[in-house]
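Hi everyone, thanks for coming. Let me put the structure up on the screen, and then I'll walk you through a few spots in it.

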Amino acid sequence: MINWPPLEDTISAWILASAPIAADRLLWAGQNAPRPEPPYIVARMAAVRNIGQDWDELTYDGLFAQHAVHGTRLVTLRLQAFGGATGNASALALLSSIVNYQRLPSRLAALNAGGVGIASVGPVQAIDGVINSATFEPRALLEVTFHATSQVVETSPFIEFVEFERVPEEV
Amino acid sequence: MSARDNITSPGFLTGTFTVRRYAVGSVVLGRFTPGTNATFAIQANVQPNRGREIIVGPEGQTNEDVRVVRTTTELRATPGTPDEIQIDGSWWKLFHVETWIAFGGTHYKAYAARQAIP
């Protein structure tokens with residue numbers, strides 16, 4: 001399985017390091033949280049798929065064998081920004097900022113430390129809308145795909161060797 | 001007699017109910033944590049809105065139920081952490097509150113949705 005909490009934390013820190021928003025203006029989607037004051041960003045893990053075949057690893061420890069299956073996953077992260085119309089805090093600028101900063105060594109190092117490798121960064125698109133019937137709200141969308149690893153393990157009893165002993169038959 | 005007096009009259013009240021109200025929550029690394037909650041009692045008239053209905057889906061069957069709460073105590077449908085009211089032993093979330101400033105006083109008409117599954 002993918003260990004999601006540290007992965008989410010790594011992604012959150014990566015977003016907050018690049019987008020000029022307050023720390024409490026980043027939200028993972030689907031939590032039934034109240035909508036913050038703009039500018040803010042909502043993140044969502046939108047898709048997960050396999051890359052190639054998973055591979056096995058067998059280790060033995062006396063009485064038990066541990067069978068691990070490792071795999072690489074391509075995860076789609078969908079970011080939606082809600083912000084102003086102009087300036088560095090506009091919805092478009094917030095997500096562009098993430099794109100612009102992504103190759104800096106410090107950003108890459110933080111992602112690598114969290115087991116995340118950026119695969120592709122999509123275009124930033126304006127998807128404006130209307131809120132509260134009378135207010136135009138600039139919004140923007142960005143999809144980022146990244147590599148993550150999965151590991152599942154099961155342990156089973158292990159018979160290392162079998163010794164046969166022949167008992168002589170009685171005459 | 002005002003509408004407020006009607007609501008508080010013994011013949012109209014259906015009981016005393018516990019309401020749970022949350023403090024402002026916090027967000028850390030994108031994760032929302034609701035604030036602590038406090039409870040208080042209200043006197044209210046609680047009636048069914050549409051009755052309990054079975055919703056049939058391929059994932060299973062569940063119940064939807066909405067009750068209408070009329071009270072003179074302020075109720076809040078706060079985004080993220082709306083007030084919850086205990087009815088028939090389970091907690092119902094308020095998703096629609098009407099503030100009526102009329103008929104000789106202020107009273108509140110709220111819609112509460114049952115949260116238990118099924």
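Let's start at B:H107, which sits in strand β10 of chain B, residues 105–114. A quick word on what you are looking at: this is a predicted model, where local features need pLDDT of at least 70, side-chain atom pairs count only at pLDDT 80 or more, and totals for chains, interfaces and linings use all residues. Residues are numbered from 1 along each chain as its sequence is written, chains are lettered from A and ligands numbered from 1 in the order in which they are written, and side-chain values use heavy atoms, with hydrogens and water left out. Helices (H or I, at least four residues) and strands (E, at least two) are DSSP runs, numbered from the N terminus.

So, is B:H107 buried or exposed? B:H107 has a relative accessible area of 9%, so it is buried; the cut-offs are under 20% for buried, over 50% for exposed and partly exposed in between, with a 1.4 Å probe and protein chains only. Leaving aside residues up to four places away in sequence, B:H107 touches B:A3, B:I7, B:T71, B:T72, B:E98, B:T99 and B:W100, where contact means heavy atoms within 4.5 Å.

Of the 118 residues in chain B, 36% are buried. The C-alpha atoms fill a box of roughly 50 × 35 × 25 Å along the principal axes.

Two loop residues in chain B have a positive phi without being glycine. B:L29, in the loop between β2 (26–28) and β3 (31–33), has phi near 50 degrees and is partly exposed at 29% relative accessible area. B:D88, in the loop between β8 (84–87) and β9 (90–102), has phi of about 55 degrees, and this residue counts as exposed at 64%.

Now over to chain A. Helix α1 (residues 4–18) and helix α3 (residues 105–113) pack at about 170 degrees, their axes 9 Å apart. That makes α1(A) roughly antiparallel to α3(A), a term for angles over 145 degrees. On the α1(A) side the contact uses A:T10, A:W14, A:A17 and A:S18, and on the α3(A) side A:R107, A:A110 and A:L111.

Finally, have a look at the cis peptide bond from A:P38 to A:P39, with omega near 0 degrees. A:P39 lies in the loop between β1 (26–28) and β2 (40–61) of chain A.

How values were computed: Axes are lines fitted to C-alpha atoms, for helices over the stretch in contact, and angles run from 0 to 180 degrees between N-to-C directions. Angles under 35 degrees count as roughly parallel, over 145 as roughly antiparallel, 65 to 115 as roughly perpendicular and the rest as oblique.
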